[in-house]
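Open the model in your viewer and keep the sequence panel beside it.

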Amino acid sequence: MFNRRYFLRSSLFSSLGLLAGRKVVAATPVQRPLVTGQPVVISTWDAGLAANKGAWEVLSRNGAALDAVEAGVKVTESSQNCCVGLGANPDRDGYVTLDASIMDHEWNCGAVGFLERIKHPISVARRVMEKTPHVMLVGVGAQQFAVAEGFPLEPAVLSDDAKKSYEKWLKKAEYKPVINIENHDTIGMVAMDAAGNLSGSCTTSGMGFKMRGRLGDSPIIGAGLFVDNEVGAVTATGQGEDVIRVCGSHSVVEYMRQGMSPEEACKAAVEKIARIKKEKAKDIQVAFIALNKKGETGSYALQKGFTYALRNNNEERMVEVKSYF
Ligand code: SD4
């Protein structure tokens with residue numbers, strides 16, 4: 001495969017050859033051995049169990065991690081009794097606005113933000129990645145692109161649950177996000193396929209009753225999601241503003257590159273957020289889930305109550321996560 005690293009190396013060899021006045025045949029690129037045969041998928045919160053099932057249908061048939069992480073979170077986006085997608089809580093003006101991102105094993109990535117009336121923002125994010133020269137489209141432009149790509153424009157109505165909670169919220173109209181087991185609006189998923197390649201996805205309605213136009217971490221590559229196929233894949237949930245502040249998912253990948261286990265790396269990023277937020281750290285939730293190139297998984301949260309769903313050849317279960325507080 002003619003990748004960038006090989007290109008740099010071969011052009012260096014060529015120029016050295018030119019300097020020495022003789023012709024140099026480009027070296028055969030060395031392929032790293034792949035970790036094969038052990039697919040694994042993890043995803044945030046309890047809705048992750050059903051999402052992992054969707055992903056596993058792809059992974060168990062030797063499908064690509066990218067297809068698995070898209071199929072997996074689409075299960076959650078479709079679910080009317082969960083917290084993600086068009087059935088979720090609206091912004092403070094009563095509109096559901098969706099954010100999503102996706103990243104594959106070759107540093108390709110795509111995202112949408114502030115997208116309205118489209119059922120599967122994750123698939124629109126993938127189209128942005130595959131069919132445009134851009135990484136992120138937002139708002140009306142993202143919706144226009146989605147419709148042009150054949151995604152149906154859904155009716156602008158709130159689900160019964162969202163309507164109830166919005167009406168309740170309107171009585172005080174206070175913005176006090178507390179994201180935890182009983183109140184969350186995101187699914188993040190990372191997976192490794194049988195070929196040893198990593199991919200990740202993240203999709204959300206963002207924080208309920210947010211200001212109109214607010215974007216969180218979920219559509220921001222490096223914050224809500226990051227995949228580095230040489231090291232690992234990470235996604236985040238919780239208060240997006242504080243994940244963005246520390247480039248959360250990218251930081252966790254870099255901690256793993258330095259030799260930390262997935263859990264240690266997630267812990268280091270959570271501790272950094274706690275340090276930055278000082279006494280305000282006790283009022284927010286942030287959690288990361290991470291998967292490394294060996295197929296090892298781990299997580300860490302600021303507050304108690306965070307869980308993630310794990311599926312591999314041997315097991316399918318929820319994992320309770322250690323927390324800072
Ligand atoms: C956001 N990180 O929009 C998301 C919210 C979230 O569970 O994770 N909710 O900031």
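Start by selecting W45. It sits in the loop between β1 (40–44) and α2 (48–59). Helices (H or I, at least four residues) and strands (E, at least two) are DSSP runs, numbered from the N terminus. This is a predicted model, where local features need pLDDT of at least 70, side-chain atom pairs count only at pLDDT 80 or more, and totals for chains, interfaces and linings use all residues. Residues are numbered from 1 along each chain as its sequence is written, and side-chain values use heavy atoms, with hydrogens and water left out.

Stay on W45. Is W45 buried or exposed? W45 counts as buried because its relative accessibility is 0%. Buried means under 20% relative accessible area, exposed over 50%, and partly exposed in between (1.4 Å probe, protein chains only).

Now check the backbone. Phi of W45 is near 65°, a positive value in a residue other than glycine. Most residues other than glycine have a negative phi.

Next, select C247. Look in the loop between α7 (240–245) and α8 (248–257). Phi is positive here too: near 45° for C247, again not a glycine. C247 is partly exposed, at 42% relative accessible area.

Zoom out to the whole chain. Trace its 9 helices and 12 strands. Of the 325 residues, 54% are buried.

Finally, show contacts, meaning heavy atoms within 4.5 Å. Take those between residues at least 6 apart in sequence: 65% of them join residues at least 24 apart.
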